[in-house]
Amino acid sequence: MDTGEGAYRLKKLTKGLFTRTKQTTNLTTENEFIYNYLIMNHIRNFALFALIFLSFTTIEAQGLSYGVIIGTDVSLMKMRNVPKDIEYTSMYAPILGFNVNGFISYKSKSFWGISLEPGFIRKGGVQLFDYMNSHNMAIHYKVRNEFNSLELPVLFDIYLNEKLYMSAGFEFEYRLSEKAIMTDQVTWNDQSFFVAKVLENHVLADDILPDDNNRLSYSGLVGLHYNINRKFDLGLRYGIGLKELIHVSWLDHYGDSFGESNVFNNYLQLILKIRLN
């Protein structure tokens, strides 16, 4: 297949993919502002409720604590719904990130408590697949993706004994920035299939990154913590993305689509909680 014919088929493909997703794209464009507004309202209302709840349940001062959290994160982007024709099981390699948070926690006289942990987190992953860019060029190098976000974990704590407690809840996140850094390490270099991200203007994206109108996300979060002493807790947590980060298509070497996948952000986190009261 010559270059002209390949470019023509790829152009037809991207138009076809755009047509198939046009209804969803239009819906997203029209309702994204309303959706984001409602999500932010829910986050604000929940946080306000939690703060009011804490204010009314702090009759006994020893039940309330606050401080800072520092952590290191093994962040791993996960691709779901990968076509069966793909022999590789890992689409991304993990990267090392970090988080810095404040926290305010309330422990009841019973076995339960509640915590709010507003802060900053860095997540991401390294692409292991080949992809097609906006110039219809196949890229055979690994790309490191990084995302910087504000986060608000809202957790329900269950105290197993005086030293050990579990936490479970949700992490609400607003992405501040993102970047893609191409490395000098080659990917599979299979050249029989590629990943592509189709934009609204019928062309392919230069990088496999989230859209600007997809900055709000949320994850499920579970963890186990050990109380070292009155000032320090050590915790291990796992977060799993519940909202799609990126939607991509798979192309064969003729430029034909043979599947679509969804990318989510997961991470493993080791934290040190430092009480200031």
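Trainee: What joins E11 to E12, and through how many residues?
Mentor: Keep in mind that this is a predicted model, where local features need pLDDT of at least 70, side-chain atom pairs count only at pLDDT 80 or more, and totals for chains, interfaces and linings use all residues. Residues are numbered from 1 along each chain as its sequence is written, and side-chain values use heavy atoms, leaving out hydrogens and water. Strands here are DSSP runs of at least two residues, marked E and numbered from the N terminus. E11 is joined to E12 by a hairpin through 4 residues.

Trainee: In what sense do E11 and E12 pair, and over how many bridges?
Mentor: Two strands pair if DSSP finds at least two bridges between them. Leu221 stands opposite Gly239 in E12. E11 (residues 216-227) and E12 pair in the antiparallel sense, over 9 bridges.

Trainee: Which residue in E14 is the bridge partner of Leu234?
Mentor: E12 also pairs with E14 (residues 257-275), in the antiparallel sense over 8 bridges. Leu234 belongs to the uncovered face of E12. Its bridge partner in E14 is Leu272.

Trainee: Is Asn99 buried or exposed?
Mentor: Asn99 sits in strand E3 (residues 95-107). Buried means under 20% relative accessible area, exposed over 50%, and partly exposed in between, using a 1.4 Å probe and protein chains only. With a relative accessible area of 2%, Asn99 is buried.
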